[in-house]
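Please look over the model below before reading on.

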Amino acid sequence: MSLTEMARCLRTSRALQRYLDGETDDLTAARVAAHLEECRRCGLQAQTYRAIKQALRGGNVDELALRRLRAFSGSLTASDPNADDDRW
Amino acid sequence: MESTGARPGSRGVTDRPAASSDNRGDTSAAAFARYVEPEIAVLYRVASTLVRQPADAQDLVQDTLVRAYRAIDSFDGTHPRAWLLTILRNTHRNRVRTRLPRLLTVTEHQDSDVLDRGGDRRSAEDVVVDAQFEAVVVEALAALPTMHRVVVQLVDVDGLSYAEAAEALGIPRGTVMSRLHRARARIRTRLVAAGLVPRRSLS
């Protein structure tokens, strides 16, 4: 592996998490994406981190609780703001 | 001879100072509906990450909503989520101070909820491997130091941006990044140890 390649791997691994989270600027994103295409090692690493993110994504949200909260929220706006103290 | 000004008595005399304050309640409600209500789901997810009992999470969001409603008139309309997360964080802190001291403790059952997602259109093999993978990820997540785990949950489970997670926790964005980085590396290490990470190219 050449020094340039190593430097690219290093730079990629520094930016990888931000890249996967969509938190880089476009230029960095393009650079990382290009490197992940070229470099198998970094590509695999990215794949793993993607899978980790995916495994965690969007845990179940309790719909009932949400509905209750929305109703509560609705009751706030429907009532006198100063009367909130007694409402719950 | 005097000139009597003879004005009709009921004429408008001065410029009136603009609007009456009657519509204040209305605008508050409208602002609340616009800025706060769309964020309730996010608030609840974040609250569930910060406190593990679902009932406590609901209480926390309710308190947050009440405070948000009281403060809505002074909210300038920019970054409602960040604003709400700050309120949530402060509310949480106050509640923790006055009530139970069990901030951010691990409970297994909540983490296992993450697993309860059905794999529908996949082969049995895929389902099993994915389930194993997820099981290790969830286990690894639970084993992380609390402050690392919470960051992963806020970003990956709850879908917050770095800035929003930073807001929710009251820490700098850079700290969110470094914790996230370390946490994920640890999760990956566990996966490697469990033989669940492809070491060689699969394609």
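1. What is the mean pLDDT of chain B, and what share of its residues reach 70 or more? The mean is 76, and 68% of the residues of chain B reach 70 or more; pLDDT is the predictor's confidence in each residue, from 0 to 100. The model as a whole scores ipTM 0.75 and pTM 0.65.

2. On conventions, residues are numbered from 1 along each chain as its sequence is written, with chains lettered from A and ligands numbered from 1 in the order in which they are written. The model is predicted, and local features need pLDDT of at least 70, side-chain atom pairs count only at pLDDT 80 or more, and totals for chains, interfaces and linings use all residues.

3. Within chain B, helix H8 (residues 162-169) has the highest confidence, at a mean of 95, and helix H5 (residues 108-113) the lowest, at 39. Helices here are DSSP runs (H or I, at least four residues), numbered from the N terminus. Over residues 1-25 of chain B the pLDDT is below 50, and this stretch has one contact beyond near neighbours in sequence; a contact means C-beta atoms, placed from the backbone, within 7 Å. Residues 100-121 of chain B also stay under 50, with 27 contacts beyond four places in sequence. Where pLDDT is low, the predicted coordinates should not be read in detail.

4. The largest nonpolar core has 50 residues, and Val46(B), Ala47(B), Leu88(B), Val137(B), Val151(B) and Ala165(B) have the most contacts inside it. Such a core is a set of buried Ala, Val, Leu, Ile, Met, Phe, Trp, Tyr and Cys residues joined through C-beta atoms within 7 Å. Helix H3 (residues 54-71) of chain B gives the largest share of this core, seven residues. Beyond four places in sequence, Ala47(B) is in contact with Ala57(B), Leu60(B), Val61(B) and Leu88(B).

5. Is Arg81(B) buried or exposed? Arg81(B) is buried, because 20 other C-beta atoms lie within 10 Å; buried means 20 or more such atoms, exposed 12 or fewer, and partly exposed in between, with C-beta atoms placed from the backbone. Arg81(B) sits in helix H4 (residues 80-98) of chain B. Not counting residues up to four places away in sequence, Arg81(B) touches Glu39(B), Val42(B) and Glu164(B).

6. At the interface, 42 residues of chain B are in contact with 31 residues of chain A. The largest share of the chain B side, eight residues, comes from H3(B).

Key
Helix = DSSP H or I, 4+ residues; strand = E, 2+ residues; numbered from the N terminus. Contact = placed C-beta atoms within 7 Å.
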